[in-house]
Amino acid sequence: MNIYQHFRPEERDFIDQVIGWREYVEQTYAPKLTDFLDPREQQIVKTIIGAREVKCSLFGGAETTERQRALIYPDYFEASQEEFQISLFELEYAKKFVTIEHRQVLGSLMGLGLKRGKFGDILLKEDQVQFFAAAEVSDYVRLQLESVGRAGITLKEVALENAIQPEVNWREVSTTASSLRLDTLMSAIYNISRQKSQIYIQQGVVKVNWTAIENPAFECGEGDVISVRGLGRTKIVTIEGKTKKDKWRIIAGKQK
């Protein structure tokens with residue numbers, strides 16, 4: 001069976017990596033813990049691992065996390081939360097004088113020279129700011145992260161059960177589009193011209209499944225998550241077939 005036919009060509013490298021993880025567990029009878037994966041990568045892992053002699057569990061530090069680590073393990077192994085090796089940090093800073101945004105936190109973390117995969121979700125609620133990190137880099141992060149944006153900060157490690165519960169609201173929208181091309185779908189969902197959609201795509205501010213896409217003709221499908229900087233995030237929930245006018249009828253969820 002050609003496993004690649006179920007996925008997009010650009011996902012082949014990651015698929016090969018997942019197959020390698022599975023083979024490692026089959027051959028060594030030892031568990032394999034991955035970095036933090038985005039939801040699309042999690043879906044690929046679950047599809048490839050299945051649940052034969054090798055199983056897979058996902059956890060990102062809290063129940064509602066988007067980015068999660070995968071633990072791939074032999075079927076006799078008991079997977080506990082501790083196995084995922086996740087630390088939760090909270091920022092302490094002069095809250096009266098500064099506001100910290102998600103992009104500033106991510107920028108500062110990326111400035112430490114570590115891969116994105118070493119960090120999970122960044123959580124914000126009012127002036128409270130937290131982020132999840134892989135335990136193996138937590139000492140390094142604690143020592144190196146001294147500022148976010150222009151704010152001097154100190155890091156405090158807190159228990160996972162003290163994670164902020166983010167408030168995410170989705171609103172369902174129904175629309176039609178002449179094709180499933182990225183620029184056409186963006187135009188329909190965000191109610192902008194196709195030309196404007198193409199400009200956003202060319203500027204590199206459009207992601208599909210957490211990957212920047214710069215091809216306006218990129219074909220989207222059910223389950224895809226489209227995010228446009230400044231316009232928000234949308235998930236294609238279902239593609240309901242064609243209308244009498246030969247347009248695709250689409251149900252999408254828009255994040256408020």
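Predicted model: local features only at pLDDT ≥ 70, side-chain atom pairs only at ≥ 80, totals over all residues.
Local features rest on pLDDT of at least 70, side-chain atom pairs count only at pLDDT 80 or more, and totals for chains, interfaces and linings use all residues. Residues are numbered from 1 along each chain as its sequence is written, and side-chain values use heavy atoms, without hydrogens or water.

Helix α1 (residues 12–28) packs against helix α2 (residues 39–49) at an angle of about 45°. Their axes, lines fitted to C-alpha atoms over the stretch in contact, lie 10 Å apart. That makes α1 oblique to α2 (angles under 35 degrees count as roughly parallel, over 145 as roughly antiparallel, 65 to 115 as roughly perpendicular and the rest as oblique). In the contact (heavy atoms within 4.5 Å), α1 contributes Phe 14, Ile 15, Val 18, Ile 19, Trp 21 and Arg 22. From α2 come Glu 41, Ile 44, Val 45, Ile 48 and Ile 49. Nine of these residues are nonpolar, none is polar and two are charged.

Strand β5 (residues 119–125) is largely enclosed by the rest of the structure, because five of its seven residues are buried (under 20% relative accessible area, 1.4 Å probe, protein chains only). Five bridges join β5 to the antiparallel strand β6 (residues 128–134). Leu 124 stands opposite Val 129 in β6. The two strands form a hairpin with two residues between them. In the turn, Glu 126 has a positive phi of about 55°.

Helix α5 (residues 182–190) is mostly covered, with eight of its nine residues buried. Among them are Leu 185, Met 186 and Ile 189. The covering elements include β10 (170–177), α6 (194–202) and β14 (232–242). Asn 191 follows α5 and has a positive phi, near 60°.

Notes:
Axes fitted to C-alpha atoms, helices over the stretch in contact; angles between N-to-C directions. Helix = DSSP H or I, 4+ residues; strand = E, 2+ residues; numbered from the N terminus. Nonpolar A, V, L, I, M, F, W, Y, C, P; charged D, E, K, R; others polar. Buried < 20%, exposed > 50% of the residue type's maximum accessible area, 1.4 Å probe, protein only. Pairing = 2+ DSSP bridges.
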